[in-house]
Amino acid sequence: MDQGTRGELISRLAEAIRSVTTAHPLRVAIDGPPAAGKTTLADELAVVLRAQDRDVIRATIDDFLFPRAQRYRRGQYSAEGCYFDAHDHAALCRVLLDPLGPGGDRRFQHAVYDRDTDTPSSPSATTAPADAVLLFDGVFLLRPELIDRWDLRIFVSVPFEQTVDRARDRGTALAGSTADTAEIERSWRNRYIPSQQLYFATVRPTDHADIIVYNDQLQRPTWEVRPHSSIHRI
């Protein structure tokens, strides 16, 4: 276990990425509960890697959602619906993870869905350099359908109760009022947290992570490289 500043964490993660050698673009999963800080971490890491002249592909699970009617067919607050019905893993593998993986042609799309319009999205395909890095953030990334598609697995850990507080604060900041806090609380307690509990009970994602980032103290995070990891000591 190591603890340091935010900058030290990002530097160490960049070192970990440099230590992993593949013959194809490096596919990095940044998994964790909602509001754990996955997107922010991935964006910070992208800045550092690009400054080191590494080609970075940023993508997120939110661009691989099923349409809203399918996501909520079991009900708006269904934890099972959140876990089983929300994400199009087949499309994610087909257009992004497999093209960037062993034997792939490196021609990829970073999205299949537009959340703002609740419609399919089909951005132009792009060819990645062989030494590119995919930084992909999202929930449930270490589940069986995806686990073998990642070359490096980072799990961002935050106590569930703290994610509720962060989501409430984020919602208030975006809306400019506290009008939606009750809805955020209900969604977290009935849908998002129970779906994470289901994920932990069935998959045990932290057992499969190469690196766990304990992100409850944003400016003084703690991290560990798991014993099974093939990453060089960082």
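Trainee: Among contacts in the protein between residues at least 6 apart in sequence, what share joins residues at least 24 apart?
Mentor: That share is 72%, where a contact means heavy atoms within 4.5 Å. Keep in mind that this is a predicted model, in which local features need pLDDT of at least 70 and side-chain atom pairs count only at pLDDT 80 or more, while totals for chains, interfaces and linings use all residues. Residues are numbered from 1 along each chain as its sequence is written, and side-chain values use heavy atoms, with hydrogens and water left out.

Trainee: How many helices and strands does the protein have?
Mentor: There are eight helices and 11 strands, taken as DSSP runs numbered from the N terminus (H or I, at least four residues, for helices; E, at least two, for strands).

Trainee: And how much of the protein is buried?
Mentor: Of its 234 residues, 51% count as buried, meaning under 20% relative accessible area with a 1.4 Å probe and protein chains only.

Trainee: Switching to cysteines, how many disulfides turn up?
Mentor: A search of the whole structure gives zero disulfides, a disulfide being a pair of cysteine sulfur atoms within 2.5 Å. Cys82 is in none, and the nearest cysteine sulfur, that of Cys93, lies 18 Å away.

Technical notes
Buried < 20%, exposed > 50% of the residue type's maximum accessible area, 1.4 Å probe, protein only.
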